[in-house]
2 protein chains.
Amino acid sequence: MIVAGKHYRTVWMEGSTVRMVNQPLIPYRFEVIDLPIHRHTAEAITTMVVRGAGAIGAAAGYGMAQVALEAPDGREFMAYITEGAERLRHTRPTAHDLFYAIERVLRAIEGATSVAAARRAAVEEAERLADENAAAGKAIGEHGAPLIPDGARILTHCNAGWLAFVDWGSALAPIYMAHRQGKRVFVYVDETRPRGQGARLTAWELEGEGVPYAVIADNAAGYLMRRGEIDLVIVGADRVAANGDIANKIGTYEKAACALLNGVPFYVAFPSSTFDPKCPSGEAIPIEERSADEVHYVIGQDEEGALRRVRITPLGAQARNPAFDVTPADYIKTFITERGLCAPKEVSRFLA
Amino acid sequence: MIVAGKHYRTVWMEGSTVRMVNQPLIPYRFEVIDLPIHRHTAEAITTMVVRGAGAIGAAAGYGMAQVALEAPDGREFMAYITEGAERLRHTRPTAHDLFYAIERVLRAIEGATSVAAARRAAVEEAERLADENAAAGKAIGEHGAPLIPDGARILTHCNAGWLAFVDWGSALAPIYMAHRQGKRVFVYVDETRPRGQGARLTAWELEGEGVPYAVIADNAAGYLMRRGEIDLVIVGADRVAANGDIANKIGTYEKAACALLNGVPFYVAFPSSTFDPKCPSGEAIPIEERSADEVHYVIGQDEEGALRRVRITPLGAQARNPAFDVTPADYIKTFITERGLCAPKEVSRFLA
């Protein structure tokens, strides 16, 4: 996507350095951060400098390429690879793209006949993963745009735009495509507490694309659905199980429940790298619990433009912070993937 | 309730001055604010220095008493009363207690045979309203406590505790009562964006009462219900329509939707002053839209303990901010009132 006249991906590699958009600074500043070694890349995933299923996947792929470039020659090569892969696997538990990317680069390394060839193969596979992710975003946009009627008022939750992928995004891709096709669209953007990815990232992306929108408190989506002010919902996914259940940002389930009770079509958009055929149902998806401080504190810009953290709960208050939830397949109308549309319960056959 | 060893009501009157707990400062500071004339009291309602249906009602009743004390003798007396009542009616649109209190004091004034008697009657009626509200809170606690089993994990939304009333509260009153009866209870407290009444006020109240709790992002309640971690939901109400539909803080409907789909009993607690027999259904309840700035900015305490406002959306971002939503009667299991329990659809007969 274009920022200040220049085309950016969310994450990319130059030499052995991984470079990525520093997402906690958006919308306040647009900054690219350099991560010279795989340990830095792993930390950037854990601390959510990069977030969003597809972008996490691409970052993990590049992280694996860094592991291959850093690994010593000779007999210790594969031990270093194994250890690096394990470190990257432990950065975040929920998004399937992370594990998918690590396995893909691992297989490329294992298939090589020399250390030099393994390093080359790792970098090439990481680049291929990123390219596939960007292409998938565009294809999701093409398949999803026909679901959006002219004049549609759309709800989205969290950020599943280009910042959550390498380019384009999943949930926002059909919206961008419909907008470029000249359809009138209006997007209600859930703030998405506790980390505010909607208020910060989705609002910033839509502003950049010139798509009309309004940020709402997460609490307001049900009210708008009941009043008939939302025509459809599109969200992304962090993991899709074999039975069509999905895990996505906490709060997705509440939106799906309101959509179900109000007859509002609920769409989930994702690339096939998010599909986990080994996961039988939503109950088997590991749900990350993050620090309670994300509930206690809010980060924003003060009057002087400085980033500042303020506490919104009493000192000593207790909090819980599950980061994802599971939405059952039967709450979802249609999946939008880079290979086309499918009914949630058909996903295993469709993506086989 | 007790703060630092002293018994406080949320709002009261001394001479012609209305005094109230300054709620935007909680939990950071506990401060009482003095409002010498009814215009100040009206402004305190509009700007939410006092909030919560019952507390708004009591403040409006005292505001009407101030109007009567300020009104000039002679022929202009009733014109001043009418104008003051109109000013107080326009402070907030949704909570019925406000209109109920204004009408009650107006009737007391109109029934008096002299200006001096009208002033006395206005003050007495305002005090009676406050006393009734405090007594209703306690009675709601007594009627509601038996609905809470030992070991219950309870979800509440917004603040319907003693800060929202003159004392005790509505949704929290049965919880306080059950806790004092020695039952083990655990409360999940919705943060309640955009103004954070759960994170700030309910957490602070529960901390003061020693009731175990955890603050959660508004997005997390559905997840906990699906996992069977919530046994019941209790919320308050700002207005109850004749058919049993209720208006309450934005987000209440989303919780009710998740409760309905997961078989979690959903209780609504309110005093009869919140019941509006002239309002046929939820569709007729006026829903306040407040400033978009409540979505754009979050107020909290910085590292030095100062209150500070930070911006969480891009500058220039659009936002919408409905402050209440409507939950239909058939989402609600039981109403808890000071006169006992009733089925939502029976409310008109029950409170007649």
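Reader: Within what distance do the axes of helix 6 and helix 7 of chain A come, and at what angle do they cross?

Author: First, the conventions. This is a predicted model, in which local features need pLDDT of at least 70 and side-chain atom pairs count only at pLDDT 80 or more, while totals for chains, interfaces and linings use all residues. Residues are numbered from 1 along each chain as its sequence is written, chains are lettered from A and ligands numbered from 1 in the order in which they are written, and side-chain values use heavy atoms, with hydrogens and water left out.

Author: Helices (H or I, at least four residues) and strands (E, at least two) are DSSP runs, numbered from the N terminus. Axes are lines fitted to C-alpha atoms, for helices over the stretch in contact, and angles run from 0 to 180 degrees between N-to-C directions. Here helix 6 (residues 172-180) and helix 7 (residues 197-209) of chain A have axes that come within 11 Å and cross at roughly 20°.

Reader: Are helix 6 and helix 7 of chain A roughly parallel or roughly antiparallel?

Author: Angles under 35 degrees count as roughly parallel, over 145 as roughly antiparallel, 65 to 115 as roughly perpendicular and the rest as oblique. Helix 6 and helix 7 of chain A are therefore roughly parallel. Handedness is read separately: a crossing is left-handed if the near helix is turned anticlockwise from the far one by less than a right angle, and right-handed if clockwise. The crossing of helix 6 and helix 7 of chain A is right-handed.

Reader: Which residues make the contact?

Author: Contact means heavy atoms within 4.5 Å. Helix 6 of chain A contributes L172(A), Y176(A), H179(A) and R180(A), and helix 7 of chain A contributes T202(A), E205(A), L206(A) and E209(A). For classes, Ala, Val, Leu, Ile, Met, Phe, Trp, Tyr, Cys and Pro count as nonpolar, Asp, Glu, Lys and Arg as charged, and the others, Gly among them, as polar. The contact of helix 6 with helix 7 of chain A has three nonpolar, two polar and three charged residues.

Reader: How do helix 1 and helix 2 of chain A cross, left-handed or right-handed?

Author: The crossing of helix 1 and helix 2 of chain A is left-handed. The axes of helix 1 (residues 38-46) and helix 2 (residues 53-70) of chain A come within 8 Å and cross at roughly 160°, and these helices are therefore roughly antiparallel. On the helix 1 side the contact residues are H38(A), T41(A) and I45(A), and those on helix 2 include I56(A), A59(A) and G63(A). By class, this contact of helix 1 with helix 2 of chain A has five nonpolar, four polar and one charged.

Reader: In the largest nonpolar core, which residues touch the most other members?

Author: A nonpolar core is a set of buried Ala, Val, Leu, Ile, Met, Phe, Trp, Tyr and Cys residues joined through side-chain atoms within 4.5 Å. Buried means under 20% relative accessible area, exposed over 50%, partly exposed in between (1.4 Å probe, protein chains only). The largest nonpolar core has 90 residues, and I148(A), I175(A), I234(A), I148(B), I175(B) and I234(B) touch the most other members. Another core, of 72 residues, lies apart from it and has M225(A), A257(A), V264(B) and F335(B) among its residues.
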